[in-house]
Amino acid sequence: MHTALIVGVAGTQLSSDEAAFLRDARPAGFILFSRNLADHEQIRALVSDVRTAIGGDDLLVLIDQEGGRVQRLRPPLGRALPPASAYGLLYQQDRDAALAAACEATRLLAADLMDLGINMDCAPVLDLPVEGAHDIIGDRAYGRSVEQVVALAGAVADGFMAGGVVPVIKHIPGHGRATADSHLALPVVDTPRADLERSDFAPFKALAHLPSAMSAHVVFSDIDAQAPASTSPTVIGEIIRGAIGFDGLLMSDDLSMHALTGPMRARSEAVMAAGSDLALHCNGDLAEMIAAAEGAGGLEGRAKARFDASIAITRRSDAFDRLAAEAQLARVLGLAAMGAESV
């Protein structure tokens, strides 16, 4: 049985202690960061070594490759990718062209990721930024209207899945209104629930059929003033699983972020008790990973079924026109260079 946990490692090769931990814990997923990436041969070898240590083919291999300022694979390791807002700029000019570009360029990205053994991308972002919010979302958003975000993010998700990569919509139920960066502090949103349901939560509801999501370390005080969404049974039960209707694989945001406090095992226990399917631990600290694994427990029941549904997507590989996709990507990169941050 897998542990209901996604982990990173410290460097470009597995240490003997890391390999032993992976063999014992058998986490359900492995996430890559810039510290793990030297060249393509090394990346493939690291992924292979992790798979061998964990055993079996049913492993999610994750990366944050949104584009713009959030991409772990940068040239020459990966293609330059535009921020989400560049697709928003094209959308304002030509909706159909923007949707085609988003899907085709993402299908190209999916092929690049699968070539390295990566089958899950922590994208697209569905958050709606608002005036006065922290710029942690900013140009990572596809726009400021529900309709635009849903259309573009849906096209991106389709492009990923056509190439066998599982999209992870984030940060459910919404991070765009937060006034702090949850990597550094715990954001608190005081907006009434009814307003949130009309705006922030709406993109997630429209795309609730997608296979996986990452929860937000954000307190919504009108729903649960005591806990961030990621550790709140009320937010996960009433909002994410209830009002939004998301029944896919739900992972927490990174347990090691400063929005959370307390020992690592307790953090892991809290996200699982709240209703997450998987806990996510990213910083590669082995002692913390061991504690997180102890708190996460086994992957079973409905969570295992959701995990299996995501694994099934990784077997898919639809044909596509690579040259046309490259041309679409180049077009949007050109728009990004012209200043897509104004979208």
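I take buried to mean under 20% relative accessible area, exposed over 50%, and partly exposed in between, with a 1.4 Å probe and protein chains only. I count helices (H or I, at least four residues) and strands (E, at least two) as DSSP runs, numbered from the N terminus.

I note that this is a predicted model, in which local features need pLDDT of at least 70, side-chain atom pairs count only at pLDDT 80 or more, and totals for chains, interfaces and linings use all residues. Residues are numbered from 1 along each chain as its sequence is written, and side-chain values use heavy atoms, with hydrogens and water left out.

Entry on strand β7. I looked up residues 166-172, which form β7, and found seven of the seven buried. I then checked its partners, where two strands pair if DSSP finds at least two bridges between them. Strand β6 (residues 120-121) pairs with β7 in the parallel sense over two bridges, and D121 stands opposite P167 of β7. Strand β9 (residues 212-215) also pairs with β7 in the parallel sense, over four bridges; here I found S212 of β9 opposite V168.

Entry on cis peptide bonds. Within β7, the strand that holds H171, I found a cis peptide bond between K170 and H171, with omega about 0°. I recorded another cis peptide bond between A123 and P124, with omega about 5°. P124 belongs to the loop between β6 and α5 (146-162).

Entry on R26. I located R26 in the loop between α1 (16-25) and β2 (27-32). Its phi is near 45°, a positive value in a residue other than glycine. Is R26 buried, exposed or partly exposed? R26 counts as partly exposed because its relative accessibility is 21%.
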